[in-house]
Amino acid sequence: MRKKMIIIFTVALSLISFSPVFSEEKKIEGEIKAAGVLTDINGSKAKFNEYRDLKDGIYGKINLKYDAEKYFLKFKASDIGYDTQNYKLEGGMWGKFKLYLKYNEIPHNFTYDAKTIFSGAGTNRLTTGAAFAIGTPSTYTPTNLFDYSLERKQMEAGVKLEMLKPFYLDVSYQREERDGIKPTAVALTTGGGSYFIEMPEPVDYVTNNLKAELGYAKNPLFLSLTYFYSEFSNEYDRLFFKNPYNAQTFG
């Protein structure tokens, strides 16, 4: 596979410091970047973008920070608007509490413009027209296009309280969503023979995690009590499809 990337421009690099404007205890710093990218790929575009989203457009990046005697605030963002976008916001009061929010996306691209004889790719009900004669699916030209691709979205929020030292409380919540289409295969027996058929299987997973920790930390003693709860759900627990040889429905 040959691959080539051309960066056509990079603009707006800015380093900001406003400390002279405020008192010495307060300071704002940051940078904002933008890069225009043009790609020219010869070969498998899905493989080139297997775990990334590299396409024509403008890449943005932000990094800002505010510090004061009592408070702090940080914000980071990268790949804004792309399938690999990432954001993090964190703030709080020194020695008292801290809050944070995080969000990021990660793709996994297998194949673009895959073809199948089934209609309904992306759902859990795959259908075909009239039954094929034995052996004909191998010579049938698929016309239904779709992408073998998964996208994972992760969200997280948390708070840590330290104002009651030496006691502390740390609570966080995580949510992960994974959706897309992945390849799967089944073995069918008909007419005295066995056949394998590849099918697009929909993915729609959600995982929720909750964690809470209550502790006591004062030298030389450290005690903690932790609670963890996890929940997983699958939107499609069954896949229904028509046997292309006899039009029977399975699931």
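Phe222 is partly exposed, at 49% relative accessible area (buried means under 20%, exposed over 50%, partly exposed in between, with a 1.4 Å probe and protein chains only). Keep in mind that this is a predicted model: local features need pLDDT of at least 70, side-chain atom pairs count only at pLDDT 80 or more, and totals for chains, interfaces and linings use all residues. Residues are numbered from 1 along each chain as its sequence is written, and side-chain values use heavy atoms, with hydrogens and water left out.

Now for the rings. Searching the whole structure turns up 6 aromatic pairs (rings of Phe, Tyr and Trp, the last by its six-membered ring, with centres within 6.5 Å; planes under 30 degrees apart are stacked, over 60 edge-to-face, the rest tilted). One of them is stacked: Tyr168 and Phe222, 6.3 Å centre to centre with 15 degrees between the planes. This pair ties together distant parts of the chain, with Tyr168 in strand β9 and Phe222 in strand β11 (residues 221-234), 54 residues apart (strands are DSSP runs of E, at least two residues, numbered from the N terminus).

And Tyr168 itself? Its relative accessible area is 12%, so Tyr168 counts as buried. Lys160 lies over the face of Tyr168, 5.6 Å from the ring centre (the criterion is NZ of Lys or CZ of Arg within 6 Å of the ring centre and within 35 degrees of the ring normal). Elsewhere, Arg125 sits over the face of Phe240, at 4.4 Å from the ring centre.

Back in β9 (residues 167-190), you'll find Phe167, which is partly exposed with a relative accessible area of 46%.

Note on methods. Helix = DSSP H or I, 4+ residues; strand = E, 2+ residues; numbered from the N terminus.
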